[in-house]
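Please read the points below with the model open beside them.

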Amino acid sequence: MMNDEIGEAAGLIWTYLNTRGEASVTRMCKDTMLEPKLCQRAIGWLAKENKLGFRQQGRTELISLL
């Protein structure tokens, strides 16, 4: 089921940010080896739960845990 897959990916993203800190979407997707679409969906899942902070640094958007 797709929701399970997205939930598992969200857990990977949360763990990644918890251990490594702030990162760009591109870096997170590469480091977690998640497909870009799944990575974006997982970020959306966490954002909807108000678990992520976003900030712009030049042309790069950085994401962190709240």
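1. Terms for exposure. A residue is called buried under 20% relative accessible area, exposed over 50%, and partly exposed in between (1.4 Å probe, protein chains only). By that scale Glu5 is partly exposed, because its relative accessible area is 41%.

2. Basis. This is a predicted model, in which local features need pLDDT of at least 70 and side-chain atom pairs count only at pLDDT 80 or more, while totals for chains, interfaces and linings use all residues. Residues are numbered from 1 along each chain as its sequence is written, and side-chain values use heavy atoms, with hydrogens and water left out.

3. Negative patch. Glu5 sits in helix H1, which covers residues 2–20; helices here are DSSP runs of H or I with at least four residues, strands are runs of E with at least two, and both are numbered from the N terminus. On the surface, Glu5 gathers with Asp4, Glu8 and Glu35 in a patch of negative charge. Patches are made of residues with over 30% relative accessible area and no salt bridge, like charges being joined within 9 Å and nonpolar side chains (Val, Leu, Ile, Met, Phe, Trp, Tyr) within 5 Å. A salt bridge is a side-chain nitrogen of Lys or Arg within 4 Å of a carboxyl oxygen of Asp or Glu. Asp and Glu count as negative, and the charge is placed at CG of Asp or CD of Glu. Areas come from the Shrake-Rupley method with a 1.4 Å probe.

4. Disulfide. The structure holds one disulfide, defined as a pair of cysteine sulfur atoms within 2.5 Å. Its partners are Cys29 and Cys39, with their sulfur atoms 2.4 Å apart. The pair links distant parts of the chain: Cys29 belongs to helix H2 (residues 25–32) and Cys39 to helix H3 (residues 36–48), ten residues apart. The link of Cys29 and Cys39 is left-handed, with -105° about the S-S bond. Are these cysteines buried or exposed? Cys29 is buried at 10% relative accessible area, and Cys39 is buried at 0%.

5. Positive phi. Met33, in the loop between H2 and H3, has a positive phi of about 60° although it is not a glycine. Met33 counts as exposed, at 75% relative accessibility. Asn50 is not a glycine either, yet has a positive phi of about 55°. Asn50 lies in the loop between H3 and strand S2 (52–57) and is exposed at 61%.

6. A buried leucine. Leu17 is in helix H1 and counts as buried, at 4% relative accessibility. Leu17 and Met28 are eleven residues apart in sequence, and their C-alpha atoms are 8.3 Å apart in space.
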